[in-house]
Structures are given as structure tokens and as C-alpha cells.
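These questions concern the pockets of a predicted model. Each answer ends on the value or name asked for.

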Amino acid sequence: MTKIRSVAIYGKGGIGKSTTTSNLSAALADMGKRVIQIGCDPKSDSTNNLRGGRSIPTVLDAIRSGKPVELDDIVYEGFGGVLCIEAGGPEPGVGCAGRGIIAAIELLRQKKVFEEYKPDVVLYDVLGDVVCGGFSVPIREGVAEQVYTVTSADFMAIYAANNLFKGIQKYASSGGALFSGIIANSVTLPVQREIIDDFASRTGTTIAEYVPRSDTITRSELLGQTAIEYDPDSTQAEVYRSLARTLLKNEERYVPKPLEAAELKVWAESWSDRLLTKKNDARSGSGSREIASTST
Amino acid sequence: MVFATRDEADSALYEKRIDLSQATCPNREQRANGINIFYGKASDLIEKARSGCLQNHERGFAQSSGCSLNFYLSVRVGTIRDAATIFHAPVGCSSSALGYRELFRGVPVELGRPAEYDLHWMTTNLREKDVVYGAGDKLKKAIYEAQERYNPKAIFILTSCTTGIIGEDIEGAVADVQPHIDARLVPIHCEGVRSRIVQTGYDAFWHAVLKYLVKKPEKKQTDLVNVASMLSYTWQDRLEIQRLLGKIGLRANLIPEFATVEQFQQLSEAAVTAPLCPTYTDYLSRGLEQEYGVPYFLYPSPMGITNTDEWLRQIGKYTGKSDEVEALIEEEHRIWMPKMQAIRSEFDRIAAEKGSKVSVLGSLGQGRLLAQMPFFDELGLVSPAAMSQDYDNLILEELEEVVSRVGDFDLLVNTFQAAEQSHITTKLDPDLTLTCPFQGGAYKRIKGATRIHALRGDPHPWSAQSGYTGAVAYGNFLLQALKSRSFQKTLKEKTKDSYRDWWFKQSNPLYYMKRVV
């Protein structure tokens, strides 16, 4: 068995982790790879777009039922033969979702899911910021060998990415996962790209791919599909294929240098100042070239 | 900070108002700046506390510990006869309750322990699945089961670290089930993670009692005196309190150990709430006054002759029995003072022989610290240092008073750290050293050493400490412990030292303290 490439994808809630991860899975499957996608989010909708928009029973549902868990109960095939698993979680406001993720990952190990299916790539799509020990398991125990984060140029998304870097840094010396790159999402304006580039250079990280905002995604998701399935010839599909190729050959693994809370605030304020200058300049007719050339 | 009045200063030091609309009490740290690590002069502690600079620190190494659930509550709540207890916890959290059941069985029925002595003890036995999904349904099931099995008047629900961490909705489950069962449900939020100060468990218990159990007074019972905290003293103390109050036509409402649910319901009807251990009773006392106008006093505890006199006088004041109390004091003094005097003379004789007063190193809770230092003084003993399991600003004024009465002394604040106690015992080398259960007595001395009180439920007359018989019994006990050293001698010869020399060479007993900045 060749070595499994296991990758965790983190990012702020609503930033497009599941979209990115399921498109990646679809692109990799399209390239002939055997892929497992594991959604580590209690709302368990990570793999919906690989399954016509439909949810699958979760690992924690299976544990909860009290019956012996078989692989068939938790592994479902989606587009291109991608194997879909959802960790699931408790009802909102009850119990501990983080402990749920731990229990689900332990069950996958016990059930020898990876030995059984022999995947080339395993993708973990992990909820939001690193909120507690359960969600940090893919990093802490090095379950994933590479970590990517999806971020836009919004401050809160960058804040979440920075938090993730703190998580990686914390466990890096004790066998935790290392970082492999930022997936810059919803990048349409040059300034958005600039902001993310600047953040990457400040934190000593790299950009794995720039993903523009696209109608193709909106349309495909309405049908419960990925862009790869919905419109394989689209530009957007090609972006994800490019990201998939990067992911397969990317050997970069390093410890990011997260910004301290105060530093991050100063950094964000410097950008808001520049954006305001740009807006005022645009009003007074001096154009937006200045902002594009400003770099710190 | 400068305060205009003493009251203003006090209210800044601790929260007096009890808010029963809340699910539980604030913890002792929030309420009264509680700490559990300190060594130094009592005057220094007072100064730090007064100026608001007193700070708790971490222990880099701790030998043993107890949490508000297992050490303080399970022991007491389990003795309430017509109630059942549900530990909403992993099974291990409730195990200590079972051990205490055996200890209490050592109390003879003839001395008042109920003959029917079953423990109505249940646990939801939380496991990983319950942590992940929550265990509200399991709790509800356990409540119905408790109702069916025991038909109790009340069901106490004790929480644990586990339920605290996952944020179990205990109040929700209680609200759902209460309309369908007869027993009164009493959820107590005592999860260990809430507080470093185990006394938070007391407050959580009284909060629940005040909120769920105490009834509006139907009639005032002018002869009823609420007395809380029996078994941190001894069984004989219970009998002594009943004897003294009985002689002047008063009844003691002894809670919580071995009380009935009705006794809790009637707390609001009493004439006064009197302390045995003020630090244990303060939350209940304040709550009863605030909600039902039951007056209270917190000091002194009835330990030693002077304190007992004063304790009785306070009760006399609130029950209109001042004359009876004076007569009682006179009568009791006639009987007991000669015996006290004999003990004191013996201590004085020993002191004269060795050329200085006999010194006792006391190991105490913070309530006992206040009561015991003056008692030592009555016996003609000096105390080079005191030990207290924790300290909070609730006793600040009284500590100031004790220092002004007996002079300054060293004070070690620690919860169950035997090595720290052993360290200062070796350094200060008193003639007699007292240890608490769990506080550590596993070290050897040639000089006297004894326990301050045996494990709860010790019914032997020589274990009495409260009231007049207690003053004499305890005085005698200390005298015997000082004189009879054969046990220490044997221990010294036959056993190895608990700690290496290195430990005793350290200048600071708080060697393992990690300063929190």
C-alpha cells in the first residue's frame, strides 16, 4: 500500500471549507485517485455536494444507536467513487461536540477504515476555528500530515486562520501536523489578494491556490453538486484541479508564525486605513493604483 | 481604597446578598476572595486581605486533594434519611459516599444514630457516550427510578466535573420531571472544576436547600435553634449541643447530617441560626435572614469555656432566654470549671518544668482556627502556628480579633498537603502537634502528636470538642497526647521517614508554590 496522503482543511465557519474540500475530492477522484472525505462538523453537511445534496448517516449516529457499527453504516460512496464519512455530533446545546469528533476518529481507527479502503488521499474537513481539543485532534495527534486553511480577505476569516496557526505551533514539537498552505477563497479584487498575501508573508506561510468567487459554484451547489460534476470544463473546475495537483505534489510542511492578538489588530487596522484612503482617492478621482502598489 | 464606613469596606470584601434566582452560588473565590495557599504571619495575611492584594497561587506539586462534591457533600447529603441522592457523574465521583456509610455505622444506635441506616445512593454512571450526546434523559430516568425505589421526600442531584464541562442542562431536566413526581428535586451545582476552594461545595448545597427545600414559615417556632455542621465536629458534640439547649427549653435543629427533609423545610421557622462552624454556615444563615427574617450570628463557635458562654448568650438573646442562659452558665461552670482548672494546672506544671509554655501546632479549618486559638489560650497553651485548609475574607474581621487577643502567629493555609505541614512541624518543633484526617499525620516525632478529630462519626466521649463537656474532654485529650509518647516512640523506631532530609532543608514550606502574576 502506498502511503496515504492525509490532509486537514480548516477555516472559519461559512468560508467555503466544504465547497473547497468536496471540489478537491471530486477533482482528485477525477484524476483517478481513491479519496475519503471525512466531515468533522456536527452539522454534518461536508459531503452533501458529492451526494446530490443529500445527507448521510453519521458516525456518531451509528455509535448512538448502540448496535455494533459496521463500515457500511458509516461509509457512503459519492461522486467519482469518493468515500464519504460524516463524524456528526450531538444536538445543539447538548453534550460535547469536540469529544464527539474524538470518539468518531477513534472508531474509524478501530474499524480500520483506511486499511479496508486503501485510499490515496484522506481529506478532513474540520469545523471553524480550533475551538477545543476534539477539533484539534487532526492537528494534535498528527492524524493529518498536512494542514491547509481556507480564508478570504475578511478579518474574521484571517483571525480564524491565525488561531489555527497557533494550534499548529502548539503541537508542532510533539508530533503534531504541520502547515502546507493557505487556500485564498473568494478572491476577486486585487486588494483581497494583496491582503491575504500580506498576511501570509507576515506569518511565514504560503498560498496554495487563489480561488475566485464564481457563479458556477452557486449553480452547482443548488443542484447538490461540485463544479467538477456540474461543469467539468468551467474555469472554476480547473481552479480546483490545479489545487488538487498542488496538494498531491506539495511537500512543503512548516510551522507558521502566528501573530499575537495585538499585532493582528495593528495589522488589520493598517489595512483598514489603506482601504479608506483608497475609497477617498476613488471619490476624488485619483484612482486605485496606489493601494495596489502599497505593500508593507 | 478608602471606605467611608466599616459596612462599606466589608461589602467590598465579600458578597453578602444571596441571589436565589440563580441556579447556584458564586464560588468562594468570587464571593470572598478565597485562597488555599499561604504561609506567613497572620498579620501579613490580614494586611494583604484588607488592601485587596491577597492572591491565590498554584501548586506545582500537590500530594492529595478533595473536591467540593466528593469530600464535602457526598458525605453529608448521603446521611439525610428520607431523601435519595443521585450523582450525575461518572461512577468514581460517588465512591467516597459509600466509605462514609461504613464510618457512620460505627455510631451506636443508643447514641441517636438512626437504626434504619441505608444509603439511598444512585449514580448515572456517565460514560463517553453521555459526554458526547449529553445525558439529560439518563438523569430523568434516574430521578424516576429514585422516586420508585425509595419514595423519598427529596431527591438531591449532585453534579460533577463532567456535567460541568459539557454544560449539562440540569435545571432543564429538573423542570421537566418535577411536575410528575412527589419528591422535591434539589439540584446542587457542585462540580469540582468550579472552584479551588472546596468550601464552595457548602455554599452550593445551602443555595439549593434555600432555593428548593426551605418552605415559607407557617408558624414561628420560638424554641427552635438551627445548628449546622455537626460532623466536622464529632458525634458527642451533637449530644452536648442538645443537652445544653435542652436544659433551657430549646430544641436544636441539627442539619444536615442525619436530618429529615422536614427539618430543612422548617429552617425558616427557627428563632435563630447559630453556628458550629461559621465558614460552613454563613451562606445558609445569611440566606435565611434575607428570605425569611431568621436572625443569625456567626461568632463565636461553642469551643472552649468563654466561647461556649458567649455562644449561649447569643442564643439567649434571640430566644428571650437570657436569664435562663445565665443560670445555665453558672450551673455548668460549677461542674466543669474545676475540671478545666485541673487540666490547666497540669499544663502549667509541665510548663514550669520545661521553662516555657507548652506549644501546640494546630491543624484546623478556618472556622476552627478562630475557635481553637482562644481555647488553647484558656488551657495555658501557646500556638507557634496555625493551619487552615483555606482562607477567605468571610473570617477577616474575626481573624483580626483573634490576633489582637492571642498575639500574632504563623499561619499555613493548605488543603491536604501533608508535606507542607510536616515541614513546619519539623521547623517549629512544637511540644504537641495536631493533624486533621487527610491533612497528613504520616510523619514521626518524639514529641507529642495526635489527631484533631477522628474521621466524622467518631462517637467516643473523649472526642468531644464542643460546649463544656467538650472543652474538658478536649483539654484532657491534649494533655494525654502530650504526656503519652509511647506510640510516637514506637513509630519513630519502627518506620522509615516519609520524606527525605532534602525536604526539611528547604527554607520554605511552600517550595512547590508557583506564583501567579
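Q: Which helix gives the largest share of the lining of the second largest pocket?
A: The lining of this pocket has 20 residues, and Y133(B), G134(B), A135(B), G136(B) and D137(B) are those nearest the centre. In chain B, α6 (128–133), α7 (136–150) and α9 (170–177) each supply at least two lining residues. The largest share is 4 residues, and the helix that gives it is α7(B).

Q: How many residues in the lining of the second largest pocket are charged?
A: Asp, Glu, Lys and Arg count as charged, while Gly is among the polar residues. The lining divides into 4 nonpolar and 6 polar residues, and the number of charged ones is 10.

Q: Which helix gives the most to the lining of the largest pocket?
A: The largest pocket has a volume of about 600 Å³. Its lining has 29 residues, with G14(A), I15(A), G16(A), T19(A) and N185(A) closest to the centre. At least two lining residues come from each of α1 (17–30), α9 (215–222) and α11 (235–249) of chain A. The most, 4 residues, come from α1(A).

Q: How many polar residues are in the lining of the largest pocket?
A: Here too, Gly is counted as polar. Besides 6 nonpolar and 7 charged residues, the lining of the largest pocket has polar residues numbering 16.

Technical notes
Residues numbered from 1 in each chain as written. Chains lettered and ligands numbered in written order. Predicted model: local features only at pLDDT ≥ 70, side-chain atom pairs only at ≥ 80, totals over all residues. Heavy atoms only, no water. 1 Å grid on protein atoms, 1.4 Å probe; cavity = no way out; pocket = protein on both sides within 12 Å on 5 of 7 lines; lining within 4 Å. Points joined across faces, edges and corners; volume = space filled by probe spheres on them.
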